[in-house]
Amino acid sequence: MGRIGDGDVHAAYVEFRAKESDKCLSAQCIYCQSVRAKNTSRQRSHLLECPNYLNAMKEHNPDNPILHEAVNGNPAQHTPVKTPKKRDLDTMVNGFQGSTSSASHSFPIPKPNLERDFQLSVQLNPKISVGPGIWGQRNWISFISGHWNGRWGKGTVVPGGQDSQLVAPDLSTHIEANYLLQTFDHPPAFISVKTDGWRVGPREVLEKLEDPSQVDDVDPKAYSFRLYVHMETGDARYLHLNTGMWIGSAVRRGTESKVKTFSKLFNPSNALQ
């Protein structure tokens, strides 16, 4: 049986194999990008001293047991569930009941803000070449498994997701993925995710991304891997996701995993506050 907060420790790291020949996995802190061997106790010790992680928990999850241990010397025995700001079912069905403004009034257009919202890591099967088409080379990749965590929950990536890639002659790659998230709730919620975007950069960099012996040595800043994300669910606990908008960055980690960090472009639950 693990220690209290071990699940939070694992959720703060992305696991990957640094080299194909490595027998053990490495773990990268998603809050400061430091890398260490996969070891729960050592990963926990790092988080207890990681200012980025502790500051994020203070702001978004003050009941986090790792934060409690850093402040008080021992993890919290019980972690209350923090209820995020969401539209309830009645509001989603019936709409907002509020006064309307006169058409003669002129209001400034609200500026959308980016908010760090969630991140995920997926393990991928080897890509299957469908062959050249009229628009470029078509590749097909399926998801083995994965995990995710964010401000509104955490859980796993259900096996069976699909990533359809279209590779242009200059190696620019259009990504179109469909997959399913499962939450750690009891009972769990299921969230359908659609991802669309491009991986672009200098040809020599993109060639290295396709080479398993070189991909882990490529600086993520040397190329652009940007995505747009849409979510859909019928679970009343997560209806706010249906009207959210996300953009994200992704990183290639060999043939085994892909790390994605998503920022919420517009938070509808905060729009009328």
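The crossing of helices H3 and H4 is left-handed. Keep in mind as you work that this is a predicted model.

**Exercise 1.** Describe helix H4 from its surroundings to its two ends: which of its residues are buried, what covers them, which residue caps the N-terminal end, and which residue follows the helix?

*Solution.* Begin with burial. H4 spans residues 65–72, and Pro65, Ile66, Leu67 and Glu69 are its buried residues. Now look at the cover: it includes helix H1 (6–11), helix H2 (40–47) and helix H3 (51–60). Move to the N-terminal end, where Asn64 is the cap, with a side-chain oxygen 2.8 Å from the backbone nitrogen of Ile66. Finally, step past the helix to Gly73, which follows H4 and has a positive phi, near 95°.

**Exercise 2.** Trace the partners of strand S9 (residues 173–183). Over how many bridges does S9 pair with S7, with S8 and with S10?

*Solution.* Take the partners in sequence order.

- Strand S7 (residues 153–157) pairs with S9 in the antiparallel sense over three bridges. To find your place, look for Thr156, which stands opposite Gln182 of S9.
- Strand S8 (residues 162–167) is also antiparallel to S9, with six bridges. Here Asp163 stands opposite Ala177 of S9.
- Strand S10 (residues 190–200) pairs with S9 over 10 bridges, again in the antiparallel sense. The bridge partner of Glu176 is Asp196 in S10.

**Exercise 3.** How many residues lie between the strands in the S8–S9 hairpin and in the S9–S10 hairpin?

*Solution.* Follow the chain out of S8 and into S9: five residues lie between them. While you are in that turn, check Leu171, whose phi is positive at about 80°. Then continue along S9 and on to S10, which form a hairpin with six residues between them.

Conventions
Residues are numbered from 1 along each chain as its sequence is written. This is a predicted model: local features need pLDDT of at least 70, side-chain atom pairs count only at pLDDT 80 or more; totals for chains, interfaces and linings use all residues. Side-chain values use heavy atoms; hydrogens and water are left out. Buried means under 20% relative accessible area, exposed over 50%, partly exposed in between (1.4 Å probe, protein chains only). Helices (H or I, at least four residues) and strands (E, at least two) are DSSP runs, numbered from the N terminus. Contact means heavy atoms within 4.5 Å. A polar contact is a pair of N or O atoms within 3.5 Å; within protein, one must be able to donate a hydrogen and the other to accept it, and residues adjacent in sequence count only if both atoms are side-chain atoms. Two strands pair if DSSP finds at least two bridges between them. A crossing is left-handed if the near helix is turned anticlockwise from the far one by less than a right angle, and right-handed if clockwise.
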